[in-house]
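Open the model in your viewer and get your selection tool ready.

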Amino acid sequence: LIRLLIICKLIIKAGGNCREGGIVFKRTIYSEEHEMFRATVRRFVEAEIVPHHGQWEKEGRVSRDAWLKAGEHGLLCAAMPEEYGGAGADFLASMVVLEELARVGAMGPGFSLHSDIVAPYLLFYGSEVVKQEWLPRMAAGEVIGALGMTEPTAGSDVQGIKTTAIRDGDDYVINGQKVFITNGGNCDLLVLACKTDPSKGGKGTSLILVPADTPGFRKGNRLLEKIGWKAQDTAELFFDDVRVPVGNLLGVEGRGFAQMMEQLPQERLMQCVRAASSLEAAIAWTTEYVKERKAFGGKIADYQNTRFRLAEAQADAVMLRIFVDRCLEAHAAGELDAVDAAMGKMLCSETLCRHLDALLQLFGGYGYMWEYPIARAWADARVGRIAGGTGEIMREIIGRSLLGRT
């Protein structure tokens, strides 16, 4: 109990920022060059994202002008090779962008999905023609990418997708539907998960590039209204006899499921990074609020319950940060596996939701007001326990690994 009280007082004194306050540890994963890039990203976010995010939430999408400006400032496809328009940096540079967006609660810009989920599919599995045609424009923000996996009857069960792409001469003919597609409203290019041989189940799954201006490719009549992530243009996509050339196939026909499994650890790690940064930001917001807000003749920070809630959140935030940084190191070394990523995603997403609920409580009625960042963070966090594989699927992956099952 005494140690917990000491932590509480340190948090209040330091303003809740573990990394800058030096309460427990100093992060070492980022180099001086990364931190210089962070300063550039932070200035961009403060100038070009924060002032407009509220309007984007009302409109349901981020302006294309913001995408172009992000491209100009090197925030898009930072980890892509220079010959394809990227900055030639490492994955950590991309995580700097993700952390800085999470720090201000800006969940609208789908920069990370575009740069670090969609673009890698093109880089690793696309032909040289595909890479030269699309990656430079993605890095510039001229082309916005999306990933079409989820369907009305297939979410975490990726093998259950029903959208088909049947070969007809030199084309694939695509029919089907996708739902909950991030960047779906703005997208110019889609990496589509589909069945090229429905009789083979998961082994008949392939990934195919579909430009959004292809005849028969239609976006839903409206953007989907969500609990959170309101500035994110989430959409339904429809395919009616869409013809694309066989050259749009990414990799080998029938290897789509394996390709998605190869990339999922990175996607789940990104959710860990976002969650860790979001929790740190929420602690900082709450700490500042309770030091100013008064109730029953004293500041909210003066009450033991407040200090306990902050202490519990801070302790978990530090542990998450250490674990996530270790996962980043492992990923950079090519050592992060599916089980590690599943543990990280499960713990980070659920810990974030639990503490955001407790921190919001300290704001009282104001915590339920959308104008307060804690309210938006609380609503935004909930999807982390679903997207990229539900918490139940993460438990299944971890449990199977313990029992020696695949």
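How many of the seven residues of strand β5 (residues 205-211) are buried? Select the strand and color it: seven of its seven residues are buried, where buried means under 20% relative accessible area with a 1.4 Å probe, protein chains only. Strands here are DSSP E runs of at least two residues and helices are H or I runs of at least four, numbered from the N terminus.

A word on the model: it is predicted, local features need pLDDT of at least 70, side-chain atom pairs count only at pLDDT 80 or more, and totals for chains, interfaces and linings use all residues. Residues are numbered from 1 along each chain as its sequence is written, and side-chain values use heavy atoms, leaving out hydrogens and water.

Back to β5. In a regular strand the side chains alternate between the two faces of the sheet. Show Thr205, Leu207, Leu209 and Pro211 on one side, then Ser206, Ile208 and Val210 on the other; all are buried.

Leu192 has Ile208 as its bridge partner. Pairing requires at least two DSSP bridges between two strands.

Last stop: helix α11 (residues 373-381). Seven of its nine residues are buried, so the helix is largely enclosed by the rest of the structure. Among the buried ones are Ile374, Arg376 and Asp380. Finally, show α3 (32-59), α8 (256-292) and α10 (338-361), against which the buried residues of α11 pack, with contact meaning heavy atoms within 4.5 Å.

Terms used: Buried < 20%, exposed > 50% of the residue type's maximum accessible area, 1.4 Å probe, protein only.
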